[in-house]
Structures are given as C-alpha cells and as structure tokens.
Amino acid sequence: MDQMDQMGRIASPGQRLGVVMLGKCNLEVRLFDIPSPGYGQVRMKVKASTLCGSDLNLIYRKESWKDGPGKYCGVVAGHEPCGVIDQLGDGCDGFEVGDRCIVYHISGCGVCQDCRMGWHISCTGTKRKAYGYQRDGGHSDYIIADIQNLVKMPSFLTFVDGAMVACGVGTAYAACLRAQVSGRDRVLITGLGPVGMCIALIARASGAEVYGIELSPERRQQASAHNITLIASDAEAAMKATDGKGFEVCFDASGNAQARHLCLEVARRWGRVVYVGEGGNVTFSPSPMLLHKQITLHGSWVCSMAQMEDLVELLARWQLHPEILVTHKYKLKDAATAYGLFNTGKTGKVAFIWD
Ligand SMILES: [Zn+2]
Ligand SMILES: [Zn+2]
C-alpha cells in the first residue's frame, strides 16, 4: 500500500515518511528522501518502532531543546527501531540483506572506555549520537544504522518485541542484572508503566516472586492481567506482603520521590534497591534507611550491547514476548493520534507497525 503523510501526500519511489517533533505536543509526518548507507552502516526497512516515555518528556512536550543526551536536533524521532536490513554499505562484514535486527538506540564514539565495554549509552565522546535525537530515528519507513549498534534477533522474536528490546526491555534486563535477581528473591516494583512491567516479566522469568505498586487504574488493570500481585502504596502493606521481613529487591520505575523512598523503607536488611525511573528527586536519611540496613542502592541506565545480545537469546529461551505489553498499534501516518493517546499515561506500550 502507498505510504501517505498526514496531508494525504503520497511517498513517491525514493521517498520515505518520517515523524518530526515540533514540541508543545505537536508533531509532523513529513516526506524525506530515502538515504543510502555509508561505511559501516546499513539501511533498514523499519518494521516496528515503539513509543517511549522519555520521548514524551524530552521531545514531544518540550518547546525548547536543552543540551546533553536529550538534545533534539529536529531529526526523525523514535529511538526504538527494529526491522530488516535492506542495503549494506561498505565494511559491513557479518551482516546481510534480510537480517532481522534491533537498533540499540545510541551510537557511541566507539573508543571511549564505556563504548569499549559496549555501554554506548554512557559514551563520553563528542561523537555520541542518539537515534531519534541527534540522528534520524525509527519513526520512518527506513533508517540508517551503524553496524556497531545492531543486534540480530532470534526467529522467536517479533519485530515489535525487538523494538521494545531496543530501549525499555534492555533497561529492565540491566536493572535485574544489577540487582542479581533470582528465585531467592521477593521483588517489589514501584511504577508499572512499560519499563516497570518489563522488569516484572524478567524478574518472574528469573524465578522471583513479583509484587507491584501502581496508582493508575488502567495500568493496574494491565498489571493484573499479567498476574502481577498488586499491593497498596504504603510501607505497612508492603511489609505485610513479606511476613514483616521486607523485599530482597526493590525497583523504582516511576521516578516519584515517595515511591523511591518507599523502596528504601521496605527493602529487607541486606537488600538491593535499583532506581530506574528518570527525573524527579528524593530525600532520605542515609543512616537508618541505607547504612544501618546494609542496603545496596544502584542507579541503572539502559544496558550494554552485550547485555542486549544476551537478552534476545534469553527471551527466546523463556518464550517471553515483550509485545504482550503493547496495547495499541498504529501506522506511521497516524503518529499524532498515537502520541496523543500515549501522552495520557493510561496505555501500555504503543507501537508503530508496518506490513
Ligand atoms: Zn526508550
Ligand atoms: Zn564512546
């Protein structure tokens, strides 16, 4: 079927659609020329591109772009792309046309210490570029990606699964690794948006007993549908659920100050707490909350390339499709509707899909 922008203009051969963020909850679907890959790059036909809460905060709602990793340069948005390699540039040994790949959403300089460890997200070089922020992202029919950012997918995973892995599921997996979640743990997650739900699914697949706290009725309903045990958002309820002992592991995926505080309050002695939710603040008394309980507190930001490669293998082994958390799917031309709905905070994951 012909691709069409929101003005009804048809993409001619050699053209692609792409979503550009205008700020103040506005966006535009525009026509662009289909680009060619450079050295060490491939062109991919995008098959799924998911919407992320960080895009809402940083580029959909904002009217001006700040500096730093969230700086938006007016490029095609979308940092969770997944698709099929359509054309190879020079120097792409190991990849072939037709390969199904996830694009890890940051292209690092490749030579700083974090990049050498596969942590492109934490790249400290000046060449670091995020897809959808400083270089064209996945809300488009085609994307140019560096092979250093590609993760090949096992056949078990769908394209929507892959798009979710590109950011949110990878983030959830790294957080679980940081806390070394296992079948010996009772786990509490505060905030059951897409990342919180991914943590829940991975923690459960790792053998843990999983509990969650969420205030939005729609998200509570979704969590229940996936058999997450919900508890009230107070310390008393949390302690009661654990025979008064507290949780071995607590994750905050909300960024909310009270939720972050609660995680420390209800973590078991010698427990681990991981902060994953972005933004906001928190105040706590280190002696009683952290030191005297012997708590290990982690901050965790996305995942490494190697962790993402491990993750896709594990998802297949666990027979776990992250796509089960998607509640709405749209064509790219309906981007304004999709973002408007996702911005209500009442949905699960929202995805753009292609035939
Ligand atoms: Zn994301
Ligand atoms: Zn780097």
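A disulfide is a pair of cysteine sulfur atoms within 2.5 Å. The legends below describe close-up views of a predicted model.

**View 1. Zinc ion (ligand 1) and its donors.** Four residues coordinate the zinc ion (ligand 1): C52 through SG, H79 through NE2, E80 through OE and C167 through SG. The distances run from 2.0 to 2.3 Å. The angles subtended by the 4 donor atoms are 93 to 132°, so the arrangement around the zinc ion (ligand 1) is tetrahedral.

**View 2. Placement of the zinc donors along the chain.** The spacing of the donors of the zinc ion (ligand 1) is C-x26-H-E-x86-C. C52 and C167 link distant parts of the chain, being 115 residues apart. C52 sits in the loop between β3 (41-50) and α1 (53-60), whereas C167 belongs to helix α3 (residues 159-179). Both of these cysteines, C52 and C167, are buried.

**View 3. Surroundings of C25.** The structure holds 0 disulfides. C25 is in no disulfide, and the nearest cysteine sulfur, that of C52, lies 16 Å away; this separation is not within the 2.5 Å that a disulfide requires. C25 is partly exposed, with a relative accessible area of 36%.

View 4. With a relative accessible area of 5%, C198 is buried.

Note on methods:
Residues numbered from 1 in each chain as written. Chains lettered and ligands numbered in written order. Predicted model: local features only at pLDDT ≥ 70, side-chain atom pairs only at ≥ 80, totals over all residues. Heavy atoms only, no water. Donors = N, O, S within 2.8 Å, 3.2 Å for Na, K, Ca; no water. Tetrahedral: all angles 85-135°; square planar, octahedral: opposite > 155°, others 65-115°. Helix = DSSP H or I, 4+ residues; strand = E, 2+ residues; numbered from the N terminus. Buried < 20%, exposed > 50% of the residue type's maximum accessible area, 1.4 Å probe, protein only.
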